[in-house]
There are 2 protein chains.
Amino acid sequence: MARKALTEFETIEIIREMLSGPAPGLVVGPGDDAAVFDFTTNSIILTVDAIHEGVHFTLDAFDLSDVGWKAVASSVSDVAAMGGEPACALISAAFGQPPTEPELRSLLGGAIEMSDQCHCPIVGGDVCSSKAGLSLTVTVAGTPCPSGSILRSGAREGDLIGVTGVLGDSAGGLYVLKSRSDGLRAAYPGLVEAHLRPRPRVSAGVALAAAGVSAMADVSDGLARDLSNICRASKAGCEVHLENVPVSDALRELAAEALLDPVTWALSGGEDYELVFTAAPEGFEEVAGALAALGVHCSLLGTVTGPASGMRLVSGDGEVTEMEGLGYDHFL
Amino acid sequence: MARKALTEFETIEIIREMLSGPAPGLVVGPGDDAAVFDFTTNSIILTVDAIHEGVHFTLDAFDLSDVGWKAVASSVSDVAAMGGEPACALISAAFGQPPTEPELRSLLGGAIEMSDQCHCPIVGGDVCSSKAGLSLTVTVAGTPCPSGSILRSGAREGDLIGVTGVLGDSAGGLYVLKSRSDGLRAAYPGLVEAHLRPRPRVSAGVALAAAGVSAMADVSDGLARDLSNICRASKAGCEVHLENVPVSDALRELAAEALLDPVTWALSGGEDYELVFTAAPEGFEEVAGALAALGVHCSLLGTVTGPASGMRLVSGDGEVTEMEGLGYDHFL
């Protein structure tokens, strides 16, 4: 049967139908020149992030619904990293070729699944054609924590450094997907899921902000780079103990099988969407308790130092390496 | 001399420096996980629009600064079409190849020029690489008219249809650029400018909303399609008198030289970013007066009819054609 591509008009009609549900705060939804949304505050968090075929995903490894999910998750995570709550999203979709109806429904369906989980309805967007493959650019607007947004620049010398969950699973999942091995994929479903369908830490971010952490970022480009961003913005250094970097048992197993170091995935892999944060030592126990109450694992990675000592990774036997330069540069 | 491409890190540093100015309402600017902006209301207009190399522009015709300008203008225009005022913007940029410093400064410089003119500071965004050429996706957030946003769905049978400015200049400019003729380009600078550096009708949109127009849209896909959208959303028909469609003298001259019909450019060309609107007959004079006070030309195009009579274009000698199907479909 021939592939039946939609016109732009048909595409927009299907999108409107799929996004037609009511949502608290929504005044004007998809279908007009712009959306109108009533927030609970007039201070708004705004962020945008894009994923591009061939750069962030390939369609042999990703189902279209995974692409939609991940695009929304990645932008929601930026709001979580400020300690805010997502409120609504816009999606700009560029299609290398006009989609069929099942393709469009799968792509948008995955985006809606993620946005529903985060109580962040998709209220607008646009579609167009592109000369490359598929890309989705997602804007998320949210509301800040009442006590203020948590910036990257608030870390102070002596603060402790913590991180939620485990790191490197997404990079391990990418390794599995790139191997094209059905055996590996069956053996490590959790790692693959971590790569295809990451879960932003919205409630953990809110809890960390309420508990008064001093700085926070999400782990999108690898712990090394995201923690470097905090140190640079805070004009500080840091000392991270490599044996404290949390990695899952599955990642350890895969790494052993692949003769690779799981901690390298944790430091440089990115797309884990965990939260890395700093907190004054006297408040760290409260912070860990707030995460525990949500069932979120918390690891103590090390300490914030003065800027002169640099950003150091210390191994179990005391060997020190510089953290800068690790992590993902999209242009290299 | 070799082309010196920037790393992602250098790119972000230059963007931060260029966007470092203060702005009323700005709480957290570029450089953190997300921006935070204090609006004057908690009802917010949100829109996103993208322009892609090879689809919306080519770099033989556009300077990079024009690309930046046009990307911002196109999203600001959506806020104008609701009768709102733009407040701030986010830009997501995808680069086919990492930019050089002069390229980045030109691109962002054009975007800043446009955003400054609209009092709509760029407060955040992201950069990444793409497998295709350059693309810019611009989100604009704004505040609605105090009396409410003007939707596409408010047109009523008997309303008059008006439009600001002239139509088709952008399509004429595109014709000139595609001709690659230096002579044509020198002869029609205004048309080329209309295509490269459109000016969204922000103050006209605010005035039209305040004057109580019943429906409004911006002319981004050609008058035929944008007015069809109003009729469809309003469950109405329309009758447009072709001799009333406003075209500039320059466009008439170019069309005569090219043996083409200038009104076709006006109906189907798009990217004029004028505002098409409907208003009750008894209020139309006030509406026209509000535009005149801003120095904005207003044309009366025709009337809104019942849905049964369709969307009709009537020529000077009474010939009637159907409007549907004219205008731009991005997927065809």
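Start with chain A of this predicted model and colour its two assigned domains: domain 1 covers 8-143 and domain 2 covers 152-322. Their centres, taken over C-alpha atoms, are 27 Å apart. Where they touch, domain 1 of chain A brings 16 residues and domain 2 of chain A brings 18.

Now pick out α2 (64-80) and β4 (85-95) of chain A: each supplies at least two residues to the side of domain 1 that touches domain 2. Which element gives the most to that side? It's α2(A), with 9 residues. Sort that side of domain 1 by class and you get 9 nonpolar, 3 polar and 4 charged residues.

Next, hop over to chain B and select strand β3, residues 43-52. Here 10 of the 10 residues are buried, so β3(B) is largely enclosed by the rest of the structure. In a regular strand, side chains alternate between the two faces of the sheet. Show the side chains here: B:S43, B:I45, B:T47, B:D49 and B:I51 point one way, while B:I44, B:L46, B:V48, B:A50 and B:H52 point the other.

Last stop: helix α6 of chain B, residues 189-196. Its buried residues are B:L191, B:V192, B:A194, B:H195 and B:L196, and they pack against α2, α4, α5 and α9 of chain B.

Technical notes. Residues numbered from 1 in each chain as written. Chains lettered and ligands numbered in written order. Predicted model: local features only at pLDDT ≥ 70, side-chain atom pairs only at ≥ 80, totals over all residues. Buried ≥ 20, exposed ≤ 12 C-beta atoms within 10 Å, placed from the backbone. Helix = DSSP H or I, 4+ residues; strand = E, 2+ residues; numbered from the N terminus. Contact = placed C-beta atoms within 7 Å. Domains from an automatic or database assignment. Nonpolar A, V, L, I, M, F, W, Y, C, P; charged D, E, K, R; others polar.
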